[in-house]
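Subject: Structure handover

Hello,

Here is the structure you are taking over. My notes follow below it.

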Amino acid sequence: MVLKIFFPQCCNLADSGLLVGRWIPGQDSAVVLAVIHYPFIPAQVKQYIQQSGEELAVLGSWSLPKEGQEGMESFLRDLSTIFPQERWLQISRKMGKMDGEEEEEKEKVVFVHYDQKKVMLSRLHPVHMEDTQTAVVFQTVARSQPLFLLDRYDDGPLRSTHWQTEGREGSILVELLKRASVPLCLLLNWLMSVWTRFCRLRAVSGGSCKVLLSSKLSTCIQLSHRSEHMRSISSPGAASSHIEFTRKANTVVSVLVDVALGILLMSWLYRDEHVAALASALVPAADRVATELEQLLQWLMGAPAGLKMNRALDQVLGRFFLYHIHLWISYIHLLSPSVEQILWYGGLSAGLGLTFALSLLSDMVALLTFHIYCFYVYGARLYCMKVYGLSSLWRLFRGKKWNVLRQRVDSCSYDLDQLFIGMLLFTILLFLLPTTALYYLVFTLLRLVVVLFQGVLHLSVDFINSFPLFALGQRICQPYRLAEGVKFRVLCEEPGSALHLLMEINPLSCSAVVQTYRTPASSCYPRDSWAALVRKLFVGELVYPWRRKSSKAD
Amino acid sequence: MSAFIVPKTRKYPVYSRVMGPDSAPGQTVPWRKVLWEPQPYPDNYVDHHFLEELRRNEGIRQYRYWAVVKEAGFVGQQMSSVAIFLTLWLYMEQGLLAPGTLLWSSLVCALLGYGLHQVLTPQTELCSHPRTHLADLQSAAIFLSFTFGFSPVLKTLTESVSTDTVYAMSAVMLLAHLVAFPYAQPSPPGSLSLNAALFASVCLASRLPGSLHTFAMLSCALLVFALWPCLLQRLRENAPGHFPGACVGVCIGGVGGLGSQSVGGALLLFLALASVTFLCPLLLVRLQRHKDNIHGPWDEAEIHEDLSRLLG
């Protein structure tokens with residue numbers, strides 16, 4: 001049986017003393033946490049050990065022979081009587097070699113050297129695997145933090161050696177942030193409560209129309225999302241686990257980056273009269289879109305692509321849609337004096353973050369292309385009714401009908417007048433199908449283009465919202481913090497002496513970091529698979545391809 | 001390369017002698033037609049009762065030539081009425097027939113037919129299924145108003161479709177009408193046949209020059225395809241002596257009408273009528289003697305349930 005001893009690298013050159021650590025239950029291994037030097041009082045040693053609350057114990061003795069300390073070996077061996085243990089380790093180091101032996105049996109020993117600071121700060125992923133040996137080692141070191149607060153400049157009764165012996169480590173920035181975070185959180189909390197009360201008031205007074213609007217406008221969705229984030233950041237309690245802390249940190253960093261990018265955008269926008277230029281380009285752009293649509297309709301009303309359409313229906317549909325475009329252009333021209341003001345105030349929203357500016361852009365695109373949406377709905381409804389009617393009348397043609405109760409097609413004996421009228425309608429619908437189908441196709445394509453553009457904007461908003469920048473930064477700058485596992489390197493392998501291995505932390509891969517620490521945003525992803533989408537388009541059902549995960553209205 | 005599975009040698013000889021402890025040697029166990037008892041015979045053994053229960057040509061009907069000819073006349077009649085319809089359409093398309101004339105004559109024929117239909121209905125049926133004149137008038141009003149209302153739409157339906165396509169579609173649909181027609185019981189009209197005929201008539205009617213032409217054509221189609229078979233059925237049921245006369249009259253009218261437009265068509269129609277009415281029954285009767293159906297206890301069971309006791 002092989003005994004594994006996890007030995008901290010900082011204790012390699014420590015003076016002789018007692019080994020303090022933990023026996024890992026069920027496995028033949030021990031984790032050494034610190035070395036306590038002579039002189040010491042056993043009661044105080046026991047008190048020191050009980051500090052961390054784990055099942056720590058005195059493992060054995062460590063001896064680094066120096067001149068003038070010849071009697072140390074036998075002294076240390078007698079210590080085993082003071083601290084009665086089941087097993088007693090005796091590790092001695094001669095310069096160049098390290099040997100360990102247990103008191104009773106001379107077993108084969110493997111020394112695994114580890115960097116104590118890194119293991120203490122590291123977090124093993126996946127988080128829920130608690131019973132492997134590695135996880136237990138990491139956990140033991142992490143929980144023994146109170147042990148490491150005693151450095152050599154303390155006037156305490158004990159002298160010990162561990163990674164912080166040379167002096168406690170800390171960063172001024174981190175300490176400042178920690179101090180400042182408490183009042184900041186309180187302030188944020190108060191602000192959020194005020195905002196929530198305001199929102200509730202507005203919702204009550206606005207009624208159902210406001211609710212519908214606020215669930216459709218992406219700006220409102222983004223606003224509610226951000227307020228949720230702020231609420232989660234400003235919660236008064238400290239983060240209970242590493243994951244929660246990382247999530248909070250991710251949210252904070254993403255908000256800061258968002259605001260920074262937004263301010264960058266603002267500084268570009270409000271300089272050099274960009275707002276005025278945009279405003280003056282907007283109305284002509286809308287006009288151009290309308291002219292293009294009119295030309296398209298004229299083309300459809302002729303003989304598009306050589307297809308022969310039913311002239312009467314063609315004219316009717318074409319004129320109907322042309323009238324709609326005319327109405328829309330009048331509205332745009334009505335609005336044109338105030339476009340610049342609207343843009344100016346809208347640009348201010350970029351101060352809240354780039355995501356808000358993008359959401360506002362998406363909403364404005366939706367408003368400007370509202371007529372395309374209307375056309376698509378008309379075309380789709382007409383086509384859907386036609387397809388439905390045709391399928392029902394085709395069943396009549398064959399002498400069958402749909403049994404609603406049994407959800408199947410049954411035969412049916414129709415009356416003469418039913419047959420006659422059904423036949424007339426079938427013929428009419430069949431011959432008018434190509435015309436309707438073409439209009440439907442054209443407007444569906446237009447609508448899909450707009451939806452695609454809006455989808456790109458939403459995806460980028462979601463990306464900014466949910467990308468875990470803090471975790472990724474941690475992975476790049478301090479890779480030992482996010483560990484996927486460990487790897488061992490052989491330091492010294494000589495027959496006759498113990499095997500020495502170095503335990504190095506294997507950092508988590510970047511993709512795994514992103515996947516684990518993604519903020520669950522209201523990610524918009526396609527609602528239907530490709531097959532379902534194509535089927536819906538074929539039948540004429542209205543298609544809303546992007547679905548929002550957290551929206552209750554869906 | 002193929003593998004052959006060589007069966008093992010048979011366990012039992014064809015005629016076996018069982019030497020049991022009690023039976024005398026030389027006695028054979030009689031074979032029974034059961035498979036659930038192990039017998040000393042192979043599974044595919046048959047004895048001299050084999051095929052005793054075979055029956056040949058059970059329930060075969062003896063056809064008589066002229067009766068079959070009389071029934072086949074109905075098929076010929078239907079083909080001729082399609083030919084009459086096509087003739088009328090040809091006249092309208094060439095402008096030789098005014099839509100007004102066609103409309104009035106259709107109306108007169110409809111009234112005459114309706115009167116005949118009422119006369120031929122036996123008293124008992126009138127009492128058990130009363131269909132008032134008002135209901136008939138209502139149906140007629142619905143037909144006419146719908147057709148008149150839709151005729152401008154129907155006229156422009158096939159404007160953009162090429163003539164060949166229209167002719168091809170109509171031909172296919174009329175063929176489907178003839179094939180799917182319920183010759184045995186034409187009175188409740190079969191859905192597929194009537195619909196196919198109406199589809200073909202709409203296709204053809206939309207080729208005519210004006211919407212009144214379309215309306216007239218559709219009324220004529222209704223008369224020929226929907227109402228005439230009902231009258232014929234009534235005639236066949238209640239005045240069986242006059243039925244063949246009516247069929248012959250329609251056939252002559254069909255051939256004659258088509259002949260005034262194209263002689264080739266008339267000739268074709270005549271040949272078709274002759275083969276359907278005279279040649280096919282001859283074949284049917286002559287080939288009956290080659291019929292060889294076998295029935296036996298291996299047939300699927302047919303359940304003959306008398307449901308009339310449930311209907312009371």
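Thr214(B) sits in helix H7 of chain B (helices are DSSP runs of H or I with at least four residues, strands are runs of E with at least two, and both are numbered from the N terminus). Thr214(B) is buried, at a relative accessible area of 1%. Buried means under 20% relative accessible area, exposed means over 50%, and partly exposed is in between, with a 1.4 Å probe and protein chains only. Leaving out residues up to four places away in sequence, Thr214(B) touches Ser151(B), Leu154(B), Lys155(B) and Ala205(B). A contact here means heavy atoms within 4.5 Å.

Some ground rules. This is a predicted model, where local features need pLDDT of at least 70, side-chain atom pairs count only at pLDDT 80 or more, and totals for chains, interfaces and linings use all residues. Residues are numbered from 1 along each chain as its sequence is written, chains are lettered from A and ligands numbered from 1 in the order in which they are written, and side-chain values use heavy atoms, with hydrogens and water left out.

The two chains

Chain A has 17 helices and 15 strands. Of its 554 residues, 43% count as buried. Take the contacts in chain A between residues at least 6 apart in sequence: 72% of them join residues at least 24 apart.

Chain B has ten helices and two strands. Their order from the N terminus is β-α-α-α-α-α-α-α-α-α-β-α. Chain B has 312 residues, and 34% of them count as buried. Among its contacts between residues at least 6 apart in sequence, 76% join residues at least 24 apart.

Where they meet

The contact takes 24 residues from chain A and 30 residues from chain B. Together the chains bury about 2300 Å², 79% of it on carbon and sulfur atoms. Buried area is the accessible area (1.4 Å probe) that two parts lose on being put together, summed over both. Which residues of chain A lose the most area to chain B? They are Leu416(A), Phe420(A) and Phe431(A), together 29% of what that side buries.

A cavity in chain B

A search of the whole structure finds five cavities of 30 Å³ or more. On a 1 Å grid over the protein atoms alone, a cavity is a set of points where a 1.4 Å probe fits but cannot get out; lining residues have an atom within 4 Å of a point. Grid points are joined across faces, edges and corners, and a volume is the space filled by probe spheres set on the points.

The second largest cavity has a volume of about 60 Å³. Its lining is His177(B), Phe181(B), Pro186(B), Pro189(B), Gly190(B), Ser193(B), Leu194(B), Phe225(B), Ala226(B) and Pro229(B). Helix H6 (191–205) and helix H7 (211–238) of chain B are the elements that give two or more residues to this lining. H7(B) gives the largest share, three residues. By class, the lining has seven nonpolar, three polar and no charged residues. Ala, Val, Leu, Ile, Met, Phe, Trp, Tyr, Cys and Pro count as nonpolar, Asp, Glu, Lys and Arg as charged, and the others, Gly among them, as polar.

Helix H17 of chain A

H17(A) covers residues 530–539, with Leu533(A), Lys536(A) and Leu537(A) buried. Seen down the axis, these buried residues fall within an arc of 100 degrees, so they line one face of the helix. The arc is that of the directions from the helix axis to the C-beta atoms. They pack against helix H13 (370–398) and helix H14 (416–466) of chain A. The face turned away from the buried side carries the exposed residues Ala531(A), Val534(A) and Phe538(A). Just after H17(A), Gly540(A) takes a positive phi of about 105 degrees.

Positive phi outside glycine

Gln407(A) is not a glycine, yet its phi is positive, about 55 degrees. Gln407(A) lies in the loop between strand E10 (400–403) and strand E11 (408–411) of chain A. Is Gln407(A) buried or exposed? Gln407(A) is exposed, with a relative accessible area of 52%.

Asn57(B) also has a positive phi, near 50 degrees. Asn57(B) is placed in the loop between strand E1 (55–56) and helix H1 (65–93) of chain B. Asn57(B) is partly exposed, at 25% relative accessible area.

Best wishes

Note on methods. 1 Å grid on protein atoms, 1.4 Å probe; cavity = no way out; pocket = protein on both sides within 12 Å on 5 of 7 lines; lining within 4 Å.
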